[in-house]
Amino acid sequence: MPTAPAEVATASPPAAPASEPADSVGEPAPSPAASPSQSSVAPEAPAALDYRNNSDLLADLIGEHGASMGQGIERLEVTGDAQKPVPGEDASPLSNGAGSTDSVEGAAMAPLATNYWQPSSGVLGVDVSSHQGYVDWDGAWNYGSRWAYVKATEALVYKNPEFGHQYNGSGDRGMLRGAYHFAIPNVSSGAAQANYFVANGGGWSADGKTLPPLLDVEYNPYPSLGNTCYDMSASQMVTWIRDFSNRMVTLTGRKPMIYTTTDWWNRCTGSSTAFSDHALHVASYNNYGAGTLPASWDFYSVWQYTSEGPVVGDWNQWNGSFTSLQAFARGGSAPTAVSPKPSVRALADMVAIDSSGRLWNYPANGKGDFGTRFQIGQGWGSAKSINPVDWNADGTIDLLAQWNNGTLTYYPGRPAGGFSSPVLIGSSGWQNIDIAVGPWIKGRGVMIVGTRADGALFYWSHASNHRLGSAVRIGSGFYDMPIVMADQNLDGRMDLLSRNSNNDLLRYTGSGTGTIVGGSRTTIGRNWGGINAINAVDGFDGSSSRGIIGRNSGGTLTYYPFTRSGFGVASTVGTGWTSYIVSGTPF
């Protein structure tokens with residue numbers, strides 16, 4: 001075998017940082033028993049109209065800290081109800097801004113692991129309210145935050161008492177900063193709340209440092225004020241948002257960016273498409289993508305991806321460059337949508353599963369290297385192998401997954417990114433079969449070829465419903481010999497590559513009709529014992545290139561281009577891959 005030259009390019013996956021639990025909770029204080037002399041008749045609860053007509057009553061309901069951005073989605077995740085507070089929610093903030101862990105009503109709140117994950121693109125930022133108190137802005141900066149939104153007001157009665165030092169503190173640290181208003185739409189008009197917001201910190205100027213005003217319109221956090229949509233119809237809600245926006249334009253010259261969730265927006269505005277000319281700040285808590293957007297938008301400007309990040313909790317991604325964020329602050333438009341792309345864009349991409357079960361794509365650039373990775377899934381820790389392939393022949397690359405529980409599934413790729421629900425194509429026994437995927441019979445589409453533990457070699461044809469046809473035996477003697485399917489001799493027909501007990505790499509020449517030519521095999525490499533995974537790639541180093549990428553026991557990825565007689569000059573294309581399950585065949 002040719003020896004690999006000095007490293008050409010490296011795609012080194014970083015180690016995931018350890019999670020840090022929050023402080024432990026204290027014991028709940030005992031509550032005194034009710035006196036026998038107390039009346040058992042409860043006073044009538046105020047109605048929503050009472051709060052609209054009585055500012056003191058509304059202020060008492062909102063309390064010391066009020067609501068915060070993303071409070072509803074966090075409640076849904078923890079309690080299943082956007083109007084049911086999570087344990088510790090109303091406790092006073094700690095002086096360092098890390099949040100409180102005091103217990104409430106005797107409830108035990110389990111410490112939450114800090115989410116250190118960050119999107120691979122865009123510009124990071126945070127949002128804060130009085131719940132965070134004094135914020136460690138140096139700490140937020142060190143974790144990557146370059147901008148911040150600070151809660152200024154809520155309804156017509158609440159002003160964030162921490163607003164001044166939070167707003168100025170972020171700016172003093174060098175961050176772009178802006179203010180947000182938490183809407184309570186059924187207690188006043190939108191215009192009235194816009195007036196209150198601008199009068200108490202919600203203004204804007206084109207100084208290049210001030211982000212445009214932000215309207216937080218989401219789940220109603222107060223059951224006393226009605227259901228999650230504030231007991232308003234969809235048309236009433238749309239009218240209220242438009243009223244707020246129009247008044248903000250009059251007062252500041254800027255349309256507000258809108259913060260919301262897809263679920264709330266589609267439910268409470270009736271999937272309104274009337275605000276596509278407003279920038280979108282969408283909340284969707286996960287570590288892989290913003291997901292389906294609300295009806296008005298096909299592009300998000302900001303994505304709030306966690307409420308459990310380091311330092312302040314709420315972390316967000318600006319969907320563009322820092323230059324575009326600065327332009328946005330000066331009065332420019334938010335970046336517009338780019339053409340959506342599937343999650344796996346080429347059969348030369350390297351799909352990999354890390355030790356936490358997160359699924360990544362390292363896109364090939366067609367020049368013998370990988371671009372910046374991005375996450376395309378999670379929960380893949382129990383996979384045995386994964387193969388990118390256009391299984392359903394629709395022009396978009398899918399994922400064929402072999403699981404340690406013996407099942408075989410494929411995930412149809414979506415042209416705009418993501419995958420549809422998995423389709424079961426093998427119900428049991430697949431954990432004991434080493435598989436390779438590709439067009440084994442020329443002109444018949446993608447198939448599976450596999451070796452069983454007894455050394456038998458089979459292929460499974462691709463049925464018309466994208467399931468598997470019956471197994472056809474084509475060989476024997478493949479004991480402990482995983483296989484890779486690739487056109488190694490460049491004759492237009494798929495071959496099988498395998499390794500024998502002497503660590504020789506062998507080619508079994510395919511006929512293109514489902515058999516091995518004369519049962520022959522050719523030795524094409526020596527000393528392959530250190531290779532523990534091989535992935536066949538097309539177009540990795542030029543559109544017509546063919547080859548394989550092998551990973552050795554030290555975690556190094558090496559690209560071996562095919563020639564008709566064997567291999568061309570090998571090149572190192574990655575290091576640090578030891579703990580990853582990589583696409584292709586485990587050896």
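What is the order of the strands in the open sheet of four strands? In this predicted model, the order runs S13-S14-S15-S16, and the pairing is antiparallel. Strand S13 (383–389) and strand S16 (423–426) sit at the edges with a single partner strand each, so one side of each has no neighbour in the sheet. If you look at how neighbouring strands lie, they're turned by 25° against each other on average, ignoring direction.

Strand S15 (residues 408–411) pairs with S16 in the antiparallel sense, over three bridges. To find your way there, pick Tyr 410: its bridge partner in S16 is Val 423.

Now for some helices. Two packed helices are described by the angle between their axes and the distance between the axes. For helix H6 (residues 190–199) and helix H7 (residues 234–252), that's an angle of about 40° with the axes 7 Å apart. H6 and H7 are therefore oblique to each other, and H6 passes H7 in a right-handed crossing. On the H6 side, the contact includes Gly 190, Ala 194, Phe 197 and Val 198, while H7 brings in residues including Trp 240, Phe 244, Met 248 and Leu 251. Sorted by class, the contact has eight nonpolar, four polar and two charged residues.

After H6 comes Gly 201, with a positive phi near 115°.

Key:
Residues numbered from 1 in each chain as written. Predicted model: local features only at pLDDT ≥ 70, side-chain atom pairs only at ≥ 80, totals over all residues. Heavy atoms only, no water. Axes fitted to C-alpha atoms, helices over the stretch in contact; angles between N-to-C directions. Helix = DSSP H or I, 4+ residues; strand = E, 2+ residues; numbered from the N terminus. Parallel < 35°, antiparallel > 145°, perpendicular 65-115°, else oblique. Left-handed = near helix turned anticlockwise from the far one by under 90°. Contact = heavy atoms within 4.5 Å. Nonpolar A, V, L, I, M, F, W, Y, C, P; charged D, E, K, R; others polar. Pairing = 2+ DSSP bridges.
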